[in-house]
Amino acid sequence: MKVGFTKVSMPATGTLVVPVVAGRKLLATGTAVDKRMDGGLKRALRAGHFTGAAGQAVEVVAPSGLRASRVIAVGLGKPADITALTLEAAGGSIVGRLLRSGDSSVSFAVDPIKGCKLNAAMIAARLANGAVLGSYTFDAYRTKLKPEQKPTLKSVNIMVANQAAARKAYGPLAKVSEGVFFTRDLVTEPANVIYPKTLAREARKLAKLGVKVEVLGRARMEQLGMGALLGVAQGSAREPQLVVMRYDGGKRGQAPLAFVGKGVTFDTGGISIKPAQGMEDMKWDMGGSAVVIGLMKALAGRKAKCNVVGVVGLVENMPSGTAQRPGDVVTSMSGQTIEVINTDAEGRLVLADALWYTQKRFKPKLMIDLATLTGAMIVALGQEQAGVFASDDKLAEKLFYSGKNVGELVWRLPMSGEYDKLINSDIADMKNIGGRGAGSITAAQFLQRFTNGVPWAHLDIAGVTWSAKAKPTVPKGGTGFGVRLLDDFVAENHEK
Ligand code: BES
Ligand code: MN
Ligand code: ZN
């Protein structure tokens with residue numbers, strides 16, 4: 001989607017969008033439009049039960065007195081309650097309804113809103129950002145799209161008095177959305193296209209942005225003693241990869257923040273094989289790694305003032321004659337041994353070595369991992385929020401607030417020595433599953449044993465990586481959940 005900022009005028013083509021606040025109050029441009037329409041806009045709002053509440057919209061097609069193909073009034077609610085998220089939702093929902101409308105451009109009229117915490121430039125930037133986030137499509141494999149199914153909308157024009165200020169506010173947001181789109185693409189691609197080597201190849205593309213990318217193959221991981229990760233990979237014909245991405249935008253020598261992702265490019269369960277029903281969903285079991293890669297793209301793209309490393313463990317979990325068996329004991333890079341009771345609890349085995357490697361090599365200030373780790377997480381929180389587990393209360397709190405800022409909510413679950421005991425093994429240092437209860441927590445306890453005391457948080461994104469229902473800024477499919485959250489976390493806490 002092309003985004004432009006121009007001065008406020010009456011567009012000669014395409015759709016014109018006029019924001020309206022609670023109480024059905026038109027802003028400056030809305031009033032001018034209504035006048036040209038001979039009061040037709042206000043009549044349409046009344047007829048459409050439109051009060052100006054956030055989320056409402058009324059559309060007038062072929063409005064008389066105007067050259068635009070349609071006018072849409074979009075509600076923003078009470079001025080004092082308008083946030084960045086309100087505006088993004090408005091931008092996203094408008095683009096969602098126009099994407100295949102036949103129109104090729106949409107113009108948003110941005111006027112200052114009395115009593116709103118955001119100035120016109122900020123309003124403009126957030127409308128643009130929402131419009132872009134809501135415009136995401138993935139049609140790479142649809143060769144038979146009918147004309148009416150093809151996206152027609154090509155450009156979003158934000159009309160605002162101070163274009164320079166709006167462009168400046170929008171700049172970093174655009175880079176973050178590029179990261180989100182990269183993540184969504186990677187998650188959506190099927191597992192015959194995205195597997196460890198091809199996912200590593202995608203990560204290598206970040207070199208263009210100044211990210212240093214290193215890829216470790218099986219031989220190097222064997223030297224390092226990564227028996228937990230390699231055990232998962234051994235049933236697959238695809239070679240595992242560990243990708244290390246470094247972006248240094250902060251002070252020289254300053255300890256980096258580390259982000260670690262689970263990248264199981266397909267999870268059959270291995271010998272503890274999953275049922276056929278729904279197994280296709282496991283193409284997105286690399287969602288954590290895709291978030292880390294998209295986040296690196298976002299941070300490098302907007303030139304964040306911080307040192308960051310991203311590490312992703314990429315494997316395919318397959319059953320075969322070479323696959324690991326339930327009951328096998330593997331030795332992780334940390335030296336700790338693991339009894340693999342269930343080969344479907346593979347994500348934690350991959351992360352065990354990725355986390356240990358990350359803290360050992362980079363001595364990071366903190367580590368945050370992301371993983372589609374447990375089905376139990378979906379039982380607990382559904383598709384609405386991700387679970388967060390942390391060794392550090394402050395870190396958990398910061399993630400909670402960043403989640404609120406960007407609309408990617410996370411909820412903390414407990415950890416304790418009692419839960420930790422549940423993964424003790426009779427024949428090794430630990431086993432890879434606990435009992436029947438607290439499945440997401442015992443998984444987190446397992447990960448913590450590989451953090452070596454570094455301040456750490458774990459985001460279990462099993463329920464939020466993929467969405468069956470569309471939201472204004474998050475179309476159906478791969479969500480990119482986590483990129484905006486962690487970008488905000490970095491910006492709010494580590495660049496000041
Ligand atoms: N990738 C799955 C978790 C998952 C399930 C993510 C459904 C998204 C949707 C993970 O590797 C897994 O299989 N976990 C098992 C753990 C169990 C064997 C202890 C699970 O949740 O069933
Ligand atoms: Mn699994
Ligand atoms: Zn998995």
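This is a predicted model: local features need pLDDT of at least 70, side-chain atom pairs count only at pLDDT 80 or more; totals for chains, interfaces and linings use all residues.
Strand S13 (residues 337–340) and S12 run antiparallel and are joined by four bridges. One of the residue pairs here is Thr331 with Thr337, its bridge partner in S13.

**The open sheet around S13**
- S12, S13 and S17 form an open sheet of three strands in that order, with mixed pairing.
- Strand S12 (328–331) and strand S17 (430–431) are the edge strands, and each of them pairs on one side only.

- Strand S15 covers residues 386–390 and is mostly covered, with five of its five residues buried.
- Side chains in a regular strand alternate between the two faces of the sheet.
- In S15, Ala386, Val388 and Ala390 point one way, while Gly387 and Phe389 point the other way, and all are buried.
- S15 runs parallel to strand S16 (residues 410–412), and three bridges join them.
- Val388 has Arg412 as its bridge partner in S16.

**Salt bridges**
- Side chains of opposite charge can pair when their charged atoms come close.
- The structure holds 23 salt bridges.
- One of them links Arg97 and Glu59, whose closest N and O atoms are 3.0 Å apart. Arg97 sits in helix H3 (residues 84–98) and Glu59 in strand S4 (residues 57–61), so this pair ties together parts that are 38 residues apart in sequence.
- Both partners are partly exposed: Arg97 has a relative accessible area of 39%, and Glu59 has 28% relative accessibility.
- Since Arg412 lies in strand S16 and Asp393 in helix H12 (residues 393–406), the pair ties together parts that are 19 residues apart in sequence.
- Here Arg412 is partly exposed at 37% relative accessibility, whereas Asp393 is exposed at 52%.
- Arg449 and Asp420 form a further salt bridge, with 3.0 Å between the closest N and O atoms. Arg449 belongs to the loop between H14 and S18 and Asp420 to helix H13 (residues 417–421), so the pair ties together parts that are 29 residues apart in sequence.
- Arg449 counts as buried because its relative accessibility is 18%, under the 20% cut-off; Asp420, at 21%, counts as partly exposed.
- Salt bridges that share partners also join Glu59, Arg70, Arg97 and Asp103 into one network.

**A positive patch**
- Arg24, Lys42, Arg43 and Arg46 form a positive surface patch.
- Within this group, Arg43 is placed in helix H2 (residues 40–47) and counts as exposed, at 52% relative accessibility.

**Loop residues to look at**
- Asp38 has a phi near 60 degrees, a positive value in a residue other than glycine. Asp38 is found in the loop between helix H1 (28–36) and H2, where Asp38 is exposed at 67% relative accessibility.
- Asn452 likewise has a positive phi, near 55 degrees, and is a residue other than glycine. Its place is the loop between helix H14 (439–448) and strand S18 (456–460), and Asn452 counts as partly exposed at 48% relative accessibility.
- Pro319 lies in the loop between strand S11 (307–317) and S12. Its relative accessible area is 32%, so Pro319 is partly exposed.
- A distance of 54 Å separates the C-alpha atoms of Pro319 and Gly14, which are 305 residues apart along the chain.

Notes. Residues are numbered from 1 along each chain as its sequence is written. Chains are lettered from A and ligands numbered from 1 in the order in which they are written. Side-chain values use heavy atoms; hydrogens and water are left out. Patches are made of residues with over 30% relative accessible area and no salt bridge: like charges are joined within 9 Å, nonpolar side chains (Val, Leu, Ile, Met, Phe, Trp, Tyr) within 5 Å. Accessible areas come from the Shrake-Rupley method with a 1.4 Å probe; for residues, only the protein chains shown count as cover. A salt bridge is a side-chain nitrogen of Lys or Arg within 4 Å of a carboxyl oxygen of Asp or Glu. Lys and Arg count as positive and Asp and Glu as negative; His and the chain ends are not counted. The place of a charge is taken as NZ of Lys, CZ of Arg, CG of Asp or CD of Glu. Helices (H or I, at least four residues) and strands (E, at least two) are DSSP runs, numbered from the N terminus. Buried means under 20% relative accessible area, exposed over 50%, partly exposed in between (1.4 Å probe, protein chains only). Two strands pair if DSSP finds at least two bridges between them.
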